[in-house]
Amino acid sequence: MKGSYLKILCLMVAVSMVLTLAACGTAQGGGTQAETTQKVQEPVTLTFWHTWPSADTEPTKKAFDKALEDWTAANPNIKIEVDTAASDPYKQKIQTAVAAGETSDLFFWWNAAMAKPFVDAGKLLALDDYLNDGTKDKILGDALSGFTYDGKIYGLPFVTSAAFIFCNKDVFDKNGVKIPTTFEELLEAVKAFRAKNVTPFTLGNKERWPIILFQNTMAVQVAGPQLVLDAINKKASFEDPAFVKAAANLKALVDAKAFPSDALGLGYVDGQAAFAKGDIAMNYIGTWELGNLDKDGTALKGKIVPIKFPAPAGGKGTENDIWGGASGGFVVSSTTKYKDEAVKACKFFNENTDKYSYIYGLGLPVWKTSADVDAQVSSKLLIESKKLLANATSFTTGWDVLMEPKTAQKLLDLSTALLAGSITPEEFAKQMQEANK
Amino acid sequence: MNRRFSSKTAICIFVLPAFLLYAVIVIFPIFLSGYYSTLEWDGIGKSVFIGLKNYVDLFINNNDGFTKAVMNSFILAGLNVFIQLPIALALALILSRGINGESFFRIAYFIPVIISTVVIGELWIKIYNSDYGLLNTVLTGLGLKMLNHQWLSDTKVALAAVFIPVVWQYVGYHMLLMYAGAKSIPKDIFESARIDGATGIKTAFRITIPLIKPVIRVCVVFAAVGSLKFFDLVYILTNGGPLHATEVPSTLLYSTVFLKYMYGYGSAMAMFIIVECLVMTFIIQGIFKSGD
């Protein structure tokens, strides 16, 4: 009985193996027949990774999806396969893929020092040869410089952001506080709000970068944008008294309890959600949040007034030295099999995600827009914010993108320590300089 | 037939496929990590051989909190072995005596083990929220408002706040192992104990526990070694923050490799964790053997 069972089992295995071989054989035979009778116009599939998984938390997804719609209609033969992950897990996903040589054909990445490791390792495709068709003229200002390394261009930017303090006018009016125009007035406003038990600023600093909007802006306003760039590029020292004064200004805000008591452990998204509830006075954040700040049906609609971050007296910078800039865009992997199609997609998606982000009120355009596109922008808040930039004298992007990754992480830690009150401004400057040597 | 199957050649042949898989997926990458730990490398571009400098930076000139992270992992190991395991043992002993609703409780205690760690993390983040979280609301409701804390933002309480869900999650897992062990003890032993007049607690301490000692040993090894390399819940709850108060070696390793682009240094950390886990396993086996 046992012997015959074994024999039947072996027979079944043998039969299934033969059947599999036969199936493969037929498929191959059919394939070769089709190839010889048709002209090859194979559809190309490009893989595309970006960092906006859900339109609820990352409004940019809406703009990307609309650009994808336009692309699919215009290019039925070039399919785009999208994959996503958010924030830090996205950075890890891309790094692992780049190291393993399995990057997608196109992906979103930040510029300046964040793309430098990839450029140095030859993982990104240089786009210079493809940009002589007028693309360069369509991009405003020197936004391309972020993606330029050793004179070659490795990516195109879309959307530039600027940071503003978004004030909830209702909260200001209810508590009889006037909207500040100088840093000293801002401190007074913070103290007035705390006296009435209102949280002055929202801040979810678990990921550690939200606090550096404050630290970066305050440093630029005291030291001036040129000294800041020099220090980042190691030509000047972070122990310059201007940086110590800027850190002391941040300490003054922290001591006046400008930030929520759970800022250290609250996630960034939760911090924004707390502001959306409507009882916090101010939100210093970039224009990428405009989609959420102006959303229909929320407690904030129509109540938000954007202002530039008020500067302290006696600094080398003013409120017109804006935190922001084009900090990222879509890049092409150097190992892509379809260079022409991928670069075409790169140009298309950068330009159109830029356009739709502008139209949906998610950000400021960095590609030239025509008058009819301007007319489609329905977000009053975006138009008001854009007006505030009319007198901007400089744009400094977040230092975490401008600095080497190791130094950037130290900056995040030190700024968080300032927020927690566990180091003094002098120590902040000293450790910052040590990390930047 | 038996002799053929137990000859050394036959054994080698049957073990070979699984062993090859294990060698390629586990053993080989460990040696590769060992090699990477002697390099200064960002994981993507060129690398520079620097010998043991990474280890010197890790242990002697350490400036990124690795020592504190290792201390935290030892605290977690202590909590798991001396709090989580006794709770699991007590539950296992009670359930294995055959109470009402035995299978219901068995499932209920095991559910935290099978729920996705991300879900558990997000759940506890909401429980710990300072404004509307369940914990602070219940404390205030009970009139204990002064016990309200910023659970995940206050460096003084964050470590405790993070370790509680960690200890809670795997109680069911160890309970199930010990329950299975207790259930496999032959019923006659309990009967004769009862005839001799032994009470429940005496039976538990003098009979059940000694007989499931091998299972307990396995649980101690899993709990201790698992704590040394624990990652998931800490990453989700606090990512090592605030201000590195809840940093454990694996979260520090993650940020070193993926945020600071220091692959060689990160590999040195990884090697340390591997060696530390092996040493811990041997120590625990030794303790149990000498207790026999």
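Among contacts in chain B (heavy atoms within 4.5 Å) between residues at least 6 apart in sequence, 69% link residues at least 24 apart. For chain A, the figure for contacts picked in that way is 76%. The model is predicted, so local features need pLDDT of at least 70 and side-chain atom pairs count only at pLDDT 80 or more, while totals for chains, interfaces and linings use all residues. Residues are numbered from 1 along each chain as its sequence is written, chains are lettered from A and ligands numbered from 1 in the order in which they are written, and side-chain values use heavy atoms, with hydrogens and water left out.

Chain B comes to 15 helices and two strands; helices here are DSSP runs of H or I with at least four residues and strands are runs of E with at least two, numbered from the N terminus. Its C-alpha atoms fill a box of roughly 75 × 75 × 30 Å along the principal axes. Of the 292 residues in chain B, 43% are buried, where buried means under 20% relative accessible area, exposed over 50% and partly exposed in between (1.4 Å probe, protein chains only). Chain B exposes about 16,300 Å², with 71% of that supplied by carbon and sulfur atoms; the areas come from the Shrake-Rupley method with a 1.4 Å probe, and for residues only the protein chains shown count as cover. As for charge, chain B has 21 positive and 15 negative ones, and their mean positions sit 10 Å apart. Lys and Arg count as positive and Asp and Glu as negative, leaving out His and the chain ends, and each charge is placed at NZ of Lys, CZ of Arg, CG of Asp or CD of Glu.

Chain A has 17 helices and twelve strands. Its C-alpha trace spans about 90 × 65 × 50 Å along the principal axes, and 52% of its 437 residues count as buried. The accessible surface of chain A is about 19,700 Å², and 55% of it belongs to carbon and sulfur atoms. The 46 positive and 50 negative charges of chain A have mean positions 3 Å apart.

On to the strands of chain A. Strand 3 (residues 106-110) has five of its five residues buried, so it is largely enclosed by the rest of the structure. A:L106, A:F108 and A:W110 point one way from this strand, A:F107 and A:W109 point the other way, and all are buried. Strand 3 of chain A runs parallel to strand 1 (residues 44-50) of chain A, joined by two bridges; two strands pair if DSSP finds at least two bridges between them. In that pairing A:F48 has A:L106 as its bridge partner. Strand 11 (residues 328-332) of chain A runs antiparallel to strand 3, with five bridges joining them, and here A:F107 partners A:V331.

Strand 8 (residues 282-286) of chain A also has five of its five residues buried, so it too is largely enclosed by the rest of the structure. A:M282, A:Y284 and A:G286 cover one side and A:N283 and A:I285 the other, all of them buried. Strand 8 of chain A pairs with strand 7 (residues 161-168) of chain A in the antiparallel sense over five bridges, and A:I285 is the bridge partner of A:F164.

An α-helix has 3.6 residues a turn, so residues three or four places apart point the same way. Just after helix 3 of chain A, A:G101 takes a positive phi of about 70°.

A:Y268 lies in helix 10 (residues 268-276) of chain A and, at 11% relative accessibility, counts as buried. A:Y268 and A:L203 are 65 residues apart in sequence but 7.2 Å apart in space, C-alpha to C-alpha. Not counting residues up to four places away in sequence, A:Y268 touches A:G204, A:E207, A:W209, A:P210, A:I285, A:W288 and A:E289. B:N80, in helix 4 (residues 66-96) of chain B, is buried at 6% relative accessibility. Leaving aside neighbours within four places in sequence, B:N80 is in contact with B:L85, B:V167, B:A223 and B:S227.
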